Amino acid sequence: MSAKISYDDVEVGTELPAQSFPVTRATLVQYAGASGDFNPIHWNEKFAKEVGLPDVIAHGMFTMAEAIRVVTDWTGDPGAVAEYGVRFTKPVIVPNDDNGALIEVSGKVAAKLDDDARTVRVDLTATSAGQKVLGMSRAVVRLA
């Protein structure tokens with residue numbers, strides 16, 4: 001695969017299509033099985049509250065993975081992501097109801113880094129329930 005977005009076609013400020021990602025308790029159990037992270041704060045409401053959390057919370061790495069999908073969907077190639085990092089600022093709280101939580105992610109090209117390597121820096125904004133859940137969420141992306 002290769003990125004379907006051309007370096008020459010983007011400018012600083014180019015906005016990526018925003019996306020929303022639903023998260024339910026079932027999603028967290030599936031992720032726990034895939035990742036091997038069965039920490040009870042991600043599935044046991046009683047335990048989560050006993051350790052001072054408001055409710056069950058999504059895995060940080062799950063939240064991070066959902067956010068980068070905005071970039072990989074935009075480029076059409078997960079391999080186009082050369083670097084990616086975030087700071088976890090607030091947890092995604094996942095209530096035990098039919099709706100769960102929603103992670104809303106937007107992104108924009110913040111810098112064109114290297115003409116020869118055709119790389120850009122994309123800054124992402126991820127929120128849930130009106131609160132920013134990832135800080136300094138940035139990816140270096142290699143474009144066509």
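A charge is said to sit over a ring if NZ of Lys or CZ of Arg is within 6 Å of the ring centre and within 35 degrees of the ring normal. Here Lys112 does this over the face of Tyr7, at 4.2 Å from the ring centre. The model is predicted, so local features need pLDDT of at least 70 and side-chain atom pairs count only at pLDDT 80 or more, while totals for chains, interfaces and linings use all residues. Residues are numbered from 1 along each chain as its sequence is written, and side-chain values use heavy atoms, with hydrogens and water left out.

Let's turn to the aromatic rings. Searching the whole structure gives 1 aromatic pair, where pairing asks for ring centres of Phe, Tyr or Trp (its six-membered ring) within 6.5 Å, and planes under 30 degrees apart are stacked, over 60 edge-to-face and the rest tilted. The centres of Tyr31 and Phe62 are 5.4 Å apart and their planes meet at 70 degrees, so this pair is edge-to-face. Because Tyr31 belongs to helix α1 and Phe62 to helix α3 (residues 60-75), the pair ties together parts 31 residues apart in sequence. Helices (H or I, at least four residues) and strands (E, at least two) are DSSP runs, numbered from the N terminus. Phe62 is buried at 9% relative accessibility, whereas Tyr31, at 21%, is partly exposed; buried means under 20% relative accessible area, exposed over 50%, and partly exposed in between (1.4 Å probe, protein chains only).

Now look inside. The largest nonpolar core has 34 residues, such a core being buried Ala, Val, Leu, Ile, Met, Phe, Trp, Tyr and Cys residues joined through side-chain atoms within 4.5 Å. Helix α3 gives the largest share, 7 residues.
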